[in-house]
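Reader: I should like to go through the reasoning behind several descriptions of this model. Please set each value against its criterion before drawing a conclusion.

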Amino acid sequence: MSYVDEVIESVIKKNPAEPEFHQAVKEVLESLRVVVEANEEKFRKEALLERLVEPERQFKFRVPWVDDKGQVQVNTGYRVQFNSAIGPYKGGIRLHPSVNLGIIKFLGFEQIFKNSLTGLPIGGGKGGSDFDPKGKSDREVMAFCQSFMTELCKYIGADTDVPAGDIGTGAREIGYMFGQYKRIRGVYEGVLTGKGLSYGGSLARTEATGYGLLYLTQEILKLNGKELAGKTVVISGSGNVAIYAAQKATQLGAKVVTMSDSTGWVYDPEGIDLAAVKEIKEVNRGRLSEYKNYRPDSEYHEGRGVWSIKCDIALPCATQNELLLDDAKQLVANGCIAVCEGANMPTTLEATEYLQANGVIFAPGKAANAGGVATSALEMTQNSERLSWSFEEVDAKLKNIMVNIAHNIDNAARKYGFEGNYVVGANIAGFEKVVDAMTAQGIV
């Protein structure tokens, strides 16, 4: 049995009931096979892959808090510090009922390579809880965040582990967490990113993941002799990533015709009215079913179905495993030329392989959505220097990082004979830097 197959088998055996983690490890290691086989004796002797797939440390803890009725609630908190070979752990905090250790490990593992691709000195980590902020009052969210940070603050710091936002963790949650960290630790440092502008946040951080997705999409299309302007785009999701992806796509001359949430999706053939979506989602915290009140000629459908709409470019920006094999078949049949991932692993392995086999340009999330964590690292830099850069400065640095990522994954794919396979290119480009650092630092 090959070294890669041995490690995949070992991961599945050692981490039962964690399918998302299995999927992430398999996808990465399969695409690294060509590099591993060229160095198999050395990597095997140093147990390099075993060290790569085993987190450096992981924490699971109780989060008790009191709701508005005086009832004590108990959630589970997690932080997985996966790999610090190239810098302090960096990765978001996800607050969603679906959160479990396997999902946090999958996200932390992906984060190693995503962070490496940015070219910035940040390692891979992830955290979260099965707490659901939806439907909770501000006081309840604060009670949870303070309890969560009371435990988490023991393990993080500006030069150790710098969490950020993720699904369910926005500016409100980051603010409550930062306040509690400062209160307990007694230091004012850049321990969290995604902070408010009045206390160390960075301009353009809110827009970064969505904007970065479009900068990379535009560059990948250029590398394949195509243009973004004039194309029809379908987007899933209606959170931070989806909203700013839609905004930047529109600015770059494309037309976005769909968005979705957990209950349904909208199709607006004239182009999505982003002001309406922002009011529904960011102001009213409502459902997309209200969109027809703003645009009577649009369509609203319950359930899922975004990928059934004819498009040139598909941008999955909601959550993991949302684009299935049947969806991929529909996109191909409708003439889609590119799928670029705004969320983390939103496309199943079968769907990814089908898209690639049918000539669709496919940019994986670890490359395409790296703009968020890249700008978080830029926020860390500003905090360390006690400076604030202008929106234009941050946006220019973000665009430069995403253009570089596009070229780096293209070059890595070509170097190993996988021209146009950006999954392989992204994994190899991210892996090579991490492995160099791990090797240089010895068996740790």
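Author: In this predicted model, phenylalanine 109 is in contact with Phe21, Ala24, Val25, Val28, Leu52, Val53 and Phe82, leaving aside neighbours within four places in sequence.

Reader: Which residues touch the most other members of the largest nonpolar core?

Author: They are Leu29, Leu49, Phe109 and Phe431, in a core of 97 residues. Helix H17 (residues 422-440) gives this core its largest share, ten residues. A second, separate core has 23 residues, including Val141, Ala143, Phe148 and Met177.

Reader: Why is H2 called roughly parallel to H5?

Author: The axes of helix H2 (residues 19-38) and helix H5 (residues 101-117) cross at roughly 25° and come within 7 Å. Angles under 35 degrees count as roughly parallel, and H2 is therefore roughly parallel to H5.

Reader: Which residues of H2 and H5 meet?

Author: From H2, Glu20, Phe21, Ala24, Val25, Glu27 and Val28 take part; from H5, Gly102, Ile103, Lys105, Phe106, Phe109, Glu110 and Phe113. The residues of this contact of H2 with H5 comprise eight nonpolar, one polar and four charged.

Reader: Why does valine 28 count as buried?

Author: Buried means under 20% relative accessible area. Valine 28 has 0% relative accessibility, so the residue counts as buried. Valine 28 lies in helix H2 and touches Phe109, Glu110, Phe113, Lys366 and Asn427, not counting residues up to four places away in sequence.

Reader: How do you know that the length of helix H9 agrees with its number of residues?

Author: Helix H9 (residues 240-251) has twelve residues, which at 1.5 Å a residue should span 16 Å. The expected span uses one less than the number of residues. The end C-alpha atoms of H9 are 17 Å apart, which agrees.

Reader: Why is H9 described as largely enclosed by the rest of the structure?

Author: Nine of its twelve residues are buried, so H9 is largely enclosed. Among the buried residues of H9 are Val241, Ile243, Tyr244, Gln247 and Lys248.

Reader: What covers the buried residues of H9?

Author: The cover includes helix H8 (205-223), strand S6 (232-236), strand S7 (255-260) and helix H10 (274-283). Just after H9, glycine 253 takes a positive phi of about 95°.

Key
Residues are numbered from 1 along each chain as its sequence is written. This is a predicted model: local features need pLDDT of at least 70, side-chain atom pairs count only at pLDDT 80 or more; totals for chains, interfaces and linings use all residues. Side-chain values use heavy atoms; hydrogens and water are left out. Axes are lines fitted to C-alpha atoms, for helices over the stretch in contact, and angles run from 0 to 180 degrees between N-to-C directions. Helices (H or I, at least four residues) and strands (E, at least two) are DSSP runs, numbered from the N terminus. Angles under 35 degrees count as roughly parallel, over 145 as roughly antiparallel, 65 to 115 as roughly perpendicular and the rest as oblique. Contact means heavy atoms within 4.5 Å. Ala, Val, Leu, Ile, Met, Phe, Trp, Tyr, Cys and Pro count as nonpolar, Asp, Glu, Lys and Arg as charged, and the others, Gly among them, as polar. A nonpolar core is a set of buried Ala, Val, Leu, Ile, Met, Phe, Trp, Tyr and Cys residues joined through side-chain atoms within 4.5 Å. Buried means under 20% relative accessible area, exposed over 50%, partly exposed in between (1.4 Å probe, protein chains only).
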